[in-house]
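Please look over the structure shown here before reading on. The report that follows begins with one chain and then turns to the places where chains meet.

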Amino acid sequence: MNCKLSFDRFARLLRLLGAVFGGYALTALTVASAGAVMARLGMARSEAVVLAAMLGFVVYLTLLLWAFSVRNVARLWVALAAGGAAMAVLLHFVS
Amino acid sequence: MERSFGKSMVWLHSWAGVVLGGLLFAVFWMGTLSVFDREIDRWMMPQTRLAPGTQSISLDRIARTANATVPAQARQWRVDLPTERVPVLRFSYQDSGGDIIARQLDPETYAFIPNQGTKAGTGFIFPFHYSLHLKWQDLGKWLVGLAAMTMLALLVSGVIIHKKIFAQFFTFRPNKRLQRSSLDLHNLTGVIGLPFHFAIALSGLIIFMTLYFPQAHWGAYGSSKQANKAFTAEAYGRFARPKANTRGTLASLDAMVHRAEREWAGGQPYFVRVWHPGDANSYVELRRSYARDITMNMDQIYFDAASGKVLHRFEAAPVMTLQRFISGLHFIQFEHWALRWLYFLAGLSGCVMIATGFIFWLEARRAQHAKKGLAGVRLVEGLTIGSVTGIMSATLSFFIANRLLPLSISFAGVERAELEMWAFYLMWIAAFAHAWLRPGRAWREQASIIAGLSVLAVLLNWLTTGDHIAHALATRRWAVAGMDLMLLATAMLAVAAARRLGQRAREFAAPIGPSVPVRGERKHG
Amino acid sequence: MADALLTAAAFAVTYFAFTLLALAQEQHWSGVTRDLQLPQPSAAALRRWRGLAGTGLALGCALCVLGNGPSFGALLWVLLLGACAMAVAFTLAWKPQWLHGIARCALRRRGQI
């Protein structure tokens, strides 16, 4: 019983870390990529960056809400890692 | 863990609310007061309670004063022109070491106003709102950012878990048990205020977007320092040229102002800054006022100091202008009294939302925790009282210290302005201690303290400045009268709250049955 | 002065609109007309009230924009919506008798029962 409680607590901590820090990292990568992509597509560079940064907060909010509602904490971390990797690759090619 | 989306949202809403509610209240409270920060300034700096000036400002006259005052190797000096809400000129310069020294000038006589020795509204309350005065590594700003994101998540999760959002749109039953009426008020202020609370939190984040997403430009520009400078220059506009290290002159600033007004098709500058004063490469920066717009434009013109020629002109691009509009929705620097008061009331509704959220959480768990011997309610109640009534008492102590301390005091090497802030923090700590030491009675006692402090502040203003409410109204010093009236209103509300909480306490002495009206309540009369 | 009057008019119209929306809800109709012995409004009456309320809200917006220009006017209207909705909620909670007149009037239109 005690084992289950501390496992639950640990899972909750992982979820919190994933949501707040993992979510932020993924959002930051997405913002940088989005800025680069929009600049490539013809938008003025500074404009693209400002738009991406503003939208970044909405993206982070969505990630937070999803992170706290997804069933499996493992799934959360896998998704964050995959998303992060994808954004990092995109960023590399576009910048 | 949570078996359904709804349950996970309930969990998120409760935990985020309890853990960060205190911080959120502090940010919302200081933000609400910041709506009237310049009025608070007038109250706390009596020698700036000037009637609005009648003659137009001569910047060349100020330039002569600057010449006499600003030290030789200063990097820049600047003057902020008076506005409807700020009747004095703000004069400041940055010395060669980088320190900024600020003074105030009377716009009629161009004489310096004695140092008022206070940070007041714009220097303490407003920066507390966005930085908590925690400067190390911008920790305070990051905490406020975390609070803002949490507020957004709380608002969305709150809407999701509120099942009767339309049916209970107007529902407020103050005569029911505290648990029910606090939840009603929490839902009321949360739902009706939803557009405001969401826009305020999001716009606050957007203001600091380059702090919260410092890597935003890495994709489009690169991550070097040059890349950062390029982005800043293209987005925000920057102009700089190095010193020549030979002597130079300053042409007529008033002529530059006239030129700028023509360039801006009637728009007026709100401040003038002279870079490298006295140098041959000195240049003058003017920025356009946004007192009549929501958008905080970034229009700037740079003039060569010696010749008055235009060197550089900048206006924000469309998307950046949108960012400035969104920032303007938050900063509310425009002159519009109806809107300013509505923002103040909306901010208060946010404070009520947070406080009632706490109260509901406590009441919903009080019986259960007492039965099981859990410490949760006891801990959170102390936290709530300190965060809500505590910060109010602390703020009032800040105002009272301002009236009590002599102008040129310093104690153990601490300047007057800092002593006022010490009064704030010490009172806040005392409020927390009181809350944890006297759990049953702390709410009522702190409400009474707030009432007492508010009245004391009004009396001290009268005693130390002679500006009682009638006198302030008669001499058209609206800011001072407004502040005193708000303090008295606070006192009346606090007394009513203390009475109500006293009745609730007596109600709790009786067994809890089905929802009954509070005994002894005056019916609608 | 004119824009102050327009703003006041916008407040009044919006407050009235929200009052109608509240009265169209059963619990608030009962709360307001508890001591009045008025009949329950019909479904058609409720529809009319809601329609009238919608018109009132739109009129409030127009008054705000008229008095303050498009951007200030729109912002003022959004905040006014919140202030008026809260005001109606507090009226219902503490002084429901203030709405007796509106309740009677709303039923009496065109002899509707």
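## Contacts within chain B

In this predicted model, 68% of the contacts in chain B between residues at least 6 apart in sequence join residues that are at least 24 apart. Of the 525 residues that make up chain B, 43% count as buried.

## Elements and overall form of chain B

Chain B holds 18 helices and ten strands. Its radius of gyration is 26 Å, which is close to the 24 Å given by the globule rule for 525 residues, so chain B is as compact as a globular protein of that length. Taken along the principal axes, the box filled by the C-alpha atoms of chain B is roughly 85 × 60 × 45 Å.

## Which chains touch

Two pairs of chains touch, and of these the pair formed by chains A and B has the most contacts. Chain A and chain C, by contrast, are joined by no contact, and their closest C-alpha atoms lie 21 Å apart.

## The side of chain B that touches chain A

The contact between these two chains takes 31 residues from chain A and 29 residues from chain B. On the side of chain B that touches chain A, at least two residues each are supplied by α1 (5-34), α5 (139-161), α7 (194-207), α9 (218-221), α10 (225-236) and α12 (318-331) of chain B.

Sorted by class, this side of chain B has 23 nonpolar residues, together with five polar residues and one charged residue.

Technical notes. Residues are numbered from 1 along each chain as its sequence is written. Chains are lettered from A and ligands numbered from 1 in the order in which they are written. This is a predicted model: local features need pLDDT of at least 70, side-chain atom pairs count only at pLDDT 80 or more; totals for chains, interfaces and linings use all residues. Helices (H or I, at least four residues) and strands (E, at least two) are DSSP runs, numbered from the N terminus. The radius of gyration is taken over C-alpha atoms; the globule rule is 2.2 Å times the number of residues to the power 0.38. A residue is buried if 20 or more other C-beta atoms lie within 10 Å of its own, exposed if 12 or fewer, and partly exposed in between; C-beta atoms are placed from the backbone. Two residues are in contact if their C-beta atoms, placed from the backbone, lie within 7 Å. Ala, Val, Leu, Ile, Met, Phe, Trp, Tyr, Cys and Pro count as nonpolar, Asp, Glu, Lys and Arg as charged, and the others, Gly among them, as polar.
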